[in-house]
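Here is a brief report on one protein chain. Keep the sequence and the model side by side as you read.

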Amino acid sequence: MTKKKLKVDAVVSSRERTVTWADDQKKYMLDWYIDYLKDQHVGFKFKKQHHLFCANALNKKFAMGVTMDQVDRQYRHYKENWKIIAAALSKSGNSFDHSRCIVTISESEKATLCDRARRLLTKPIKFYEEMQELFTGSSADGSLAMDQNTCMDVSDDFDSDSREMHDLNGYTPPEDPLGCLVESNNEITATMKSLRDTLVATAPPHISQLVDPHATLWQRLETAPLTPDQRIIVGEHLSSKENEVKRSWLCNASDGTLHAWVFKFLCEKEGLNL
């Protein structure tokens with residue numbers, strides 16, 4: 001076990017903001033892991049995506065704005081606390097006083113403890129029952145209690161999951177070694193599908209483009225044998241509101257009829273050199 005002091009919500013990257021955890025938020029996190037673990041196979045390990053799921057649940061309930069890494073550190077904090085508690089309880093003469101929520105330990109042994117273990121074991125321990133159930137698979141009434149010697153192993157690394165501390169003697173691994181990988185991939189796929197469906201559901205409504213019903217008329221005028229000034233004069237005349245019927249008629253007229261009308265219209269204008 002590393003001797004480096006583990007700090008909850010320690011110095012984080014500049015992209016994370018400091019989060020102060022309330023007791024009800026910590027308990028909710030531990031209960032979330034306990035409930036999630038109940039539906040998993042023996043040997044299941046919590047991975048990054050599970051800490052992300054837990055962070056989403058916390059943010060949905062408490063609006064904490066907590067990140068996956070912050071939840072991961074909080075989880076490891078309590079896992080490391082349990083290792084210290086389990087190591088103390090494995091020694092002869094030590095026990096847990098449920099009425100005071102404290103580990104009974106001799107003064108001589110307290111003197112040999114490191115600072116972190118001494119601070120933890122000499123005052124009431126919060127969430128003892130939750131840690132016991134999560135990291136040993138046993139509840140407060142002793143159901144599903146495992147071999148205490150197995151629970152006292154304090155040498156496993158931080159990346160192992162809560163079930164690593166179980167006594168797995170006699171356990172036969174599943175025939176399919178890729179089962180865990182497939183399960184993780186399925187969970188990731190389900191999460192991505194949920195995000196995609198959410199984005200589709202919240203997408204802005206499609207706005208159809210406006211189509212000019214007289215677009216063909218303007219295109220035909222552009223190809224007519226006119227000067228730019230003549231096209232402007234004809235266009236300004238036909239664009240006026242009172243000439244809407246005339247525009248519709250010319251849209252459906254033949255090229256010959258259109259050219260004849262344009263010639264007649266321009267002839268009526270003074271000062272044009274046709």
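Methionine 192 sits in helix 8, residues 179-201. Helices are DSSP runs of H or I with at least four residues, strands are runs of E with at least two, and both are numbered from the N terminus. Methionine 192 is exposed, because its relative accessibility is 52%. The cut-offs are under 20% relative accessible area for buried, over 50% for exposed, and partly exposed in between, with a 1.4 Å probe and protein chains only. Together with Ile188 and Leu195, Met192 makes a nonpolar surface patch of about 290 Å² accessible area. Such a patch takes residues with over 30% relative accessible area and no salt bridge; nonpolar side chains (Val, Leu, Ile, Met, Phe, Trp, Tyr) are joined within 5 Å, like charges within 9 Å. Areas follow the Shrake-Rupley method with a 1.4 Å probe, and for residues only the protein chains shown count as cover.

This is a predicted model: local features need pLDDT of at least 70, side-chain atom pairs count only at pLDDT 80 or more, and totals for chains, interfaces and linings use all residues. Residues are numbered from 1 along each chain as its sequence is written, and side-chain values use heavy atoms, without hydrogens or water.

**Overall make-up**

The chain has 12 helices and two strands. Of its 274 residues, 36% are buried. The chain exposes about 17,400 Å², with 55% supplied by carbon and sulfur atoms.

**Cores**

The largest nonpolar core holds 40 residues. A core is a set of buried Ala, Val, Leu, Ile, Met, Phe, Trp, Tyr and Cys residues joined through side-chain atoms within 4.5 Å. Among its residues with the most contacts inside it are Met29, Tyr33, Val71 and Leu134. Helices 1, 2, 3, 5 and 6 each give two or more residues to this core. Helix 3 gives the most, nine. Apart from this core lies another, of 13 residues, including Leu226, Leu250, Val262 and Leu266.

Which residues does tyrosine 33 touch, leaving aside neighbours within four places in sequence? They are Phe46, His51, Cys54, Val71, Tyr75 and Leu134. Contact here means heavy atoms within 4.5 Å. Histidine 51 belongs to helix 2. At 4% relative accessibility, histidine 51 is buried.

**Helix 9**

Leu217, Arg220 and Leu221 are buried in helix 9, residues 215-223. Viewed down the helix axis, the buried residues fall within an arc of 100°, so they line one face. That arc is taken from the directions from the axis to the C-beta atoms. The face turned away from the buried side carries exposed Gln219, Glu222 and Thr223. Helices 10, 11 and 12 are among the cover over the buried residues.

**Salt bridges**

The count is 13 salt bridges. Each one is a side-chain nitrogen of Lys or Arg within 4 Å of a carboxyl oxygen of Asp or Glu. Three are tabulated here.

| Pair | N to O distance |
|---|---|
| Lys38 and Asp35 | 3.7 Å |
| Lys48 and Asp69 | 3.8 Å |
| Asp115 and Arg118 | 3.0 Å |

Aspartate 115 and arginine 118 lie three residues apart in helix 5, about one turn.
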